[in-house]
Every structure is written in structure tokens, then in C-alpha cells.
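Subject: Model handover and findings

Hello,

Here is the structure I promised to pass on. My notes on it follow below.

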Amino acid sequence: MLKRSESWLNLIQLVANVEAALGLVLQARHGLGLSEYRALDVLARSSNDELRMQELAAYLRLNQSSVSRLVERLERAGLTIRDLCPADKRGVYTVLTKAGRARLEGARPDYENALEGALREHGGETLLAAQHNAVVSSNFSSNES
């Protein structure tokens, strides 16, 4: 069992190192924290560039208080706005603005380059390749059924 816990610790350390590298690049070049970048990315991938606050919190694995503070920062920067759900006035959406999309698109190449470099530096490429192969194998197996 010790081997499994050592592997888990190594994985956590790899992720922490990669995230630290990504955060440094995003902050230095684009004035974005890693959570802010991820929020913009999740919103950009969502239908109509919007999500309920609870959905955004779930995607980012943040509690309601943390996601509210995050969205406040994005709003102050003009990168998102909040909107009430027309069907349920209690529901609040976070909506990506044009400025938010532009900031995301400007940051994305640096994010991708930093991700590639950090994964290579910290040994993450092998791990991602193994995970990708497992997903492809699983999809292939389920398609044969």
C-alpha cells in the first residue's frame, strides 16, 4: 500500500508544480490567476457563454463563497457580468463578456505553451499519455459492446 500512497503523493506534487507554473505565466503576462483563467475557459465552452453560479462552482470545485469572490474580481475587470435567470429570479448566471473572451483568447497560447513546458519539465507527459490511452481503450471497448 505504501507504493500507492507514494504514487499518489507524486501525482499531487506534479499537479501542484504544473499549476504553479501556469499561475505564474498567466499572472505575469495577462493579469489573470489560474482560477480566473479556468472560469473564463469554462464559461467560453458553455452554452451562450453563461453558467449558473452553482454550476461554475461545481466545475471549478469551489465553494459558493469562493466562486462569488472570483466572479466579483472578473466583474470588476469587465470580463464577466451577472444576470438573473428569466424563469427563476433567484437564479444568478455568470456571463462571459466580449472583453472576457478576448482576454481568454489572448492568454490561451501562453497557457498552452506553459502547460506543455511544465508537463515536460515535471514528467507529466507520460502520465497524460497513459490516461489518454486508457480513455481511448475504454471508449473502444464500450463501442464493441
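Contact here means heavy atoms within 4.5 Å. With that in place, take the protein chain: among contacts between residues at least 6 apart in sequence, 50% join residues at least 24 apart.

A word on the source. This is a predicted model, in which local features need pLDDT of at least 70 and side-chain atom pairs count only at pLDDT 80 or more, while totals for chains, interfaces and linings use all residues. Residues are numbered from 1 along each chain as its sequence is written, and side-chain values use heavy atoms, with hydrogens and water left out.

Overall picture

The protein chain has 6 helices and 3 strands. Both are DSSP runs, numbered from the N terminus: helices are H or I with at least four residues, strands are E with at least two. Along the sequence the pattern reads α-α-β-α-α-β-β-α-α. The C-alpha trace spans about 50 × 45 × 30 Å along its principal axes.

Of the 145 residues in the chain, 32% are buried. Buried means under 20% relative accessible area, exposed means over 50%, and partly exposed is in between (1.4 Å probe, protein chains only). The accessible surface comes to about 9,500 Å². Carbon and sulfur atoms hold 53% of that surface. The areas come from the Shrake-Rupley method with a 1.4 Å probe; for residues, only the protein chains shown count as cover.

Two packed helices are described by the angle between their axes and the distance between the axes. Axes are lines fitted to C-alpha atoms, for helices over the stretch in contact, and angles run from 0 to 180 degrees between N-to-C directions. Angles under 35 degrees count as roughly parallel, over 145 as roughly antiparallel, 65 to 115 as roughly perpendicular and the rest as oblique.

Start with H2 (residues 34–45) and H5 (residues 98–122). They pack at about 115°, with axes 10 Å apart. H2 is therefore roughly perpendicular to H5. On the H2 side, the contact uses Leu-34, Tyr-37, Leu-40, Asp-41 and Ala-44. On the H5 side, it uses Gly-100, Arg-101, Leu-104, Ala-107, Arg-108 and Tyr-111. By class, that gives 7 nonpolar, 1 polar and 3 charged residues. Ala, Val, Leu, Ile, Met, Phe, Trp, Tyr, Cys and Pro count as nonpolar, Asp, Glu, Lys and Arg as charged, and the others, Gly among them, as polar.

Next, H4 (residues 64–76). The axes of H2 and H4 come within 10 Å and cross at roughly 80°. That makes H2 roughly perpendicular to H4. Ser-35, Glu-36, Ala-39 and Leu-40 of H2 touch Leu-70, Arg-73 and Leu-74 of H4. The classes here are 4 nonpolar, 1 polar and 2 charged.

Then H3. H2 and H3 pack at about 120°, with their axes 10 Å apart. The two are therefore oblique to each other. From H2 come Ser-35, Arg-38, Ala-39 and Val-42; from H3 come Leu-56, Tyr-59 and Leu-60. This contact has 5 nonpolar residues, 1 polar and 1 charged.

Individual residues

Tyr-59 sits in H3 (residues 53–60). Tyr-59 is exposed, with a relative accessible area of 56%. Not counting residues up to four places away in sequence, Tyr-59 touches Val-42 and Leu-51.

Thr-80 belongs to strand E2 (residues 80–84). At 1% relative accessibility, Thr-80 is buried. Leaving aside neighbours within four places in sequence, the contacts of Thr-80 include Leu-40 and Leu-43, along with Val-71 and Leu-74.

Val-15 is in H1 (residues 2–30). At 36% relative accessibility, Val-15 is partly exposed. Val-15 and His-122 are 107 residues apart in sequence, and 8.9 Å apart in space, C-alpha to C-alpha.

Two backbone points

Most residues other than glycine have a negative phi. Asp-49 has a positive phi, near 55°. Asp-49 lies in the loop between H2 and strand E1 (50–52), and is partly exposed at 21% relative accessibility. Arg-61 also has a positive phi, near 60°. Arg-61 is in the loop between H3 and H4, and is exposed at 74% relative accessible area.

Best wishes
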